[in-house]
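Colleague: Please take a close look at one helix in this model. Then set that helix against the rest of the structure.
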Amino acid sequence: MILFEVFLGGLLLGGTYGLIALGLNLQYGVARILNLSYGEFFMGGAFAAFFTVFLWKLNPLLSLFISVPIAFAMNWLIYQYLMMPLIRRAPDQDALDADVVLVTFGLFFVVQGLALVNWSGELRGYSFLSTGVPVFGATVAANRLLAFLGACFLGLALFLVLRYTRFGGALRAITIDPVAASLVGVDVRKFSALAFAAGGALAAASGMLVSTFISFTAAIGVEYTLKALIVVIMAGVGRVTGTLAAGLVLGVVESVGGYLLDPALTIAINFGLFMLVLLWRPTGLFTRA
Amino acid sequence: MLELLTRNPRIVALTALAAVALALLPLVASGYVVSLFIVLYANVALATAWAFFSGSTRYISLATAAFFGVGIYALAILHVHVPIPLALLGAAVVGFLVALVVGLSTLRLRGVYFVVFTFGLTELVHQVLNWWEIKVNRTVTRYIFADVSNVSIYETLLAVTLVTIVGSWYVSRTRLGFALRAIGEDETVARHTGVNTTLAKVVCFAISASVMALVGAVLALRYPYIDASIAFNNTWSFQVLISALLGGPGRAWGPAVGAIPLVLLSEYLAGTFPHHFSIALGLCFVVIVYFLPGGIAPLIERHYRSWAAGRALVTWPPLVAPPVASWLKAGLARLNALWRI
């Protein structure tokens with residue numbers, strides 16, 4: 001029974017991992033930009049929720065109306081003005097990746113530094129929906145359930161958009177081959193910029209949802225960038241449905257592994273699993289080989 | 001080796017002169033200056049070792065902190081049992097062996113995957129070691145009982161740094177250095193032209209890691225105690241990478257040029273304004289990618305040559321001002337080109 005509760009906890013945790021990674025997979029899968037400052041927008045979403053509760057005493061969900069558009073706009077600007085010159089000058093994806101890794105690491109340092117200067121390094125948190133809800137005989141926190149349901153909703157919405165709209169078709173075409181996509185009339189630059197911006201918006205949204213049940217500092221971004229990256233690489237770049245599944249796998253392995261071995265080893269289990277996947281199937285678990 | 005030395009008498013003489021001058025520095029300098037130089041040498045040696053492998057092969061490694069930390073721990077464990085010089089040697093060997101294992105299993109990953117893997121490796125080693133110390137040794141700290149003066153540490157690190165720079169310069173002129181650059185240009189082509197890419201990569205990765213471990217071990221002699229978060233601090237990985245790229249990983253002396261301003265900056269900012277230092281580091285990243293893709297070293301070299309040929313502006317102090325002026329001009333031109341969307 002305890003193992004079942006641990007498993008359920010892992011499933012909920014995994015849902016949020018999937019949620020966090022969704023945006024990054026849009027950014028890397030469609031726009032082909034590995035954004036290592038991704039977690040900073042997650043941090044921004046979390047802080048927007050915190051300030052909404054703390055300063056204005058409002059429902060943290062309302063912060064989404066501010067943080068999501070801002071993150072969307074900022075990521076669109078980053079793509080158009082910082083990434084576009086690099087894309088234009090790069091001879092191939094490897095060279096682009098090297099440049100992008102450096103620039104986005106730079107952005108991460110700058111944003112984190114500014115956040116630490118302005119908001120200090122103190123631990124923040126607030127309480128929202130922290131009551132227990134019975135699920136299949138086990139009890140789970142309502143805010144975790146909310147984040148899980150949010151992940152399912154956003155994942156499903158993204159899946160439907162990609163699958164059944166013309167816009168989604170264009171994005172899928174770009175994912176498979178940007179050059180061929182532009183040959184059949186897809187405005188690759190416009191749609192890549194939108195996908196990149198949408199990825200940033202998802203980061204802010206997931207930051208808000210996760211902030212309901214964790215305490216966080218201004219330096220939390222990099223941790224979630226890494227978690228998202230692990231999930232994306234496990235899932236396979238550009239696989240939206242795979243992202244949620246990989247998130248669930250990671251969450252369950254982390255929870256159950258931590259319970260069976262030692263809770264202090266969860267981060268090690270995370271990275272261990274990640275390295276195994278990298279070495280065994282570098283293209284991801286949910287891709288056709 | 002000898003032939004290379006006799007062919008470049010001026011470089012050899014200058015290097016030897018600089019080495020002697022730096023070795024004599026503790027006789028006249030204050031304790032603070034000696035400490036500052038120790039930090040500087042550590043950064044220069046790490047950045048040179050990083051560029052030796054990552055600069056030429058373009059496998060961007062963030063595992064510097066991992067090998068550095070392995071060296072620290074190796075010294076902390078060994079120095080209780082054997083004399084300190086042996087412990088230092090042991091640390092270098094341990095670093096070499098760890099990198100050999102890591103290299104054999106991971107160097108087929110390319111690009112972003114390698115970056116992320118090496119970053120994760122540091123975190124993994126850090127966490128596992130921390131857990132091991134708590135679980136098995138029931139303590140998170142280890143004490144260093146070495147009684148070594150700052151001056152001896154200074155001289156040791158100076159020697160390590162010089163050997164690293166000269167060694168890296170020497171290797172870049174051998175077949176091995178050529179093979180590394182060929183891998184950086186195009187690995188498939190290199191393999192097809194007969195380069196044993198796996199051997200070259202793994203061996204050089206391990207050599208570079210053994211230098212990093214050695215630097216960590218020497219620096220550990222200054223600490224009263226160590227723990228996993230001191231040893232495996234990711235800042236090392238980032239600062240070393242930025243030093244090397246800022247200076248110019250294509251030249252053996254490039255990383256040294258890049259490390260100096262960053263060490264001074266971190267000395268000035270890190271104590272009182274640590275967050276401002278991280279902002280400055282971040283801006284460095286951005287500036288390098290957009291405006292200084294090859295680093296500072298090629299600029300200096302170009303302007304030194306034109307100055308030596310008598311073509312530079314005489315009104316400016318040579319070597320310093322023309323690079324700055326033309327860098328600004330080139331930067332502005334590039335800025336205009338970048339934002340014409």
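How many residues does helix H10 of chain B have, and how far does H10(B) reach from its first C-alpha to its last?

Modeller: First, the ground rules. This is a predicted model, in which local features need pLDDT of at least 70 and side-chain atom pairs count only at pLDDT 80 or more, while totals for chains, interfaces and linings use all residues. Residues are numbered from 1 along each chain as its sequence is written, and chains are lettered from A and ligands numbered from 1 in the order in which they are written.

Now the helix. H10(B) covers residues 197–220, which gives 24 residues. Its end C-alpha atoms lie 34 Å apart, close to the 34 Å expected at 1.5 Å a residue. (Expected span is 1.5 Å times one less than the number of residues. Helices are DSSP runs of H or I with at least four residues, strands are runs of E with at least two, and both are numbered from the N terminus.)

H10(B) is mostly covered, with 21 of its 24 residues buried. Buried means 20 or more other C-beta atoms within 10 Å of the residue's own; exposed means 12 or fewer, partly exposed is in between, and C-beta atoms are placed from the backbone.

One partner is helix H5 of chain B, residues 84–106. The two axes come within 7 Å and cross at roughly 145 degrees. Axes here are lines fitted to C-alpha atoms, for helices over the stretch in contact, with angles from 0 to 180 degrees between N-to-C directions. The crossing is right-handed. That term applies if the near helix is turned clockwise from the far one by less than a right angle; anticlockwise is left-handed.

On the H10(B) side, the contact includes Phe205(B), Ala206(B), Ala209(B), Met212(B) and Ala213(B). H5(B) brings, among others, Ala91(B), Val94(B), Gly95(B) and Val98(B). (Contact means C-beta atoms, placed from the backbone, within 7 Å.) By class, this contact has 19 nonpolar, three polar and one charged residues. Nonpolar covers Ala, Val, Leu, Ile, Met, Phe, Trp, Tyr, Cys and Pro; Asp, Glu, Lys and Arg are charged; the others, Gly among them, are polar.

For contrast, take helix H2 of chain B, residues 9–28. Its 20 residues should span 28 Å, and the end C-alpha atoms are 29 Å apart, which agrees. Burial is another matter: the number of buried residues in H2(B) is zero, so this helix lies largely in the open.

Three further residues of chain B are worth a stop. Leu241(B) sits in helix H12, residues 234–247. Leu241(B) has 28 C-beta neighbours inside 10 Å and therefore counts as buried. Leaving out residues up to four places away in sequence, Leu241(B) touches Trp50(B) and Leu62(B). Pro298(B) lies in helix H15, residues 296–308. With 15 other C-beta atoms within 10 Å, Pro298(B) is partly exposed. Under the sequence exclusion of up to four places, Pro298(B) touches Gly248(B) and Gly250(B).

Arg58(B) sits in the loop between helix H3 (31–57) and helix H4 (64–78) of chain B. Its phi is positive, about 65 degrees, although Arg58(B) is not a glycine. Arg58(B) counts as buried because it has 20 C-beta neighbours inside 10 Å.

Chain A has a counterpart for that last point. Lys57(A) also has a positive phi, near 55 degrees, in a residue other than glycine. Lys57(A) is in the loop between helix H2 (38–54) and helix H3 (64–89) of chain A. With 7 C-beta neighbours inside 10 Å, however, Lys57(A) counts as exposed.

The axes of H1(A), residues 2–29, and H5(A), residues 142–164, come within 8 Å and cross at roughly 45 degrees. That makes H1(A) oblique to H5(A). (Under 35 degrees is roughly parallel, over 145 roughly antiparallel, 65 to 115 roughly perpendicular, and the rest oblique.) This crossing is left-handed. Its contact includes Gly15(A), Leu19(A) and Leu22(A) from H1(A), and Ala147(A), Ala151(A) and Leu158(A) from H5(A). The classes are ten nonpolar, five polar and one charged.

Finally, the two chains meet. The contact takes 31 residues from chain B and 36 residues from chain A. On chain B, helix H6 (112–137) and helix H14 (274–291) each supply at least two residues of that side. The chain B side has 20 nonpolar, eight polar and three charged residues.

Definitions and conventions: Two residues are in contact if their C-beta atoms, placed from the backbone, lie within 7 Å.
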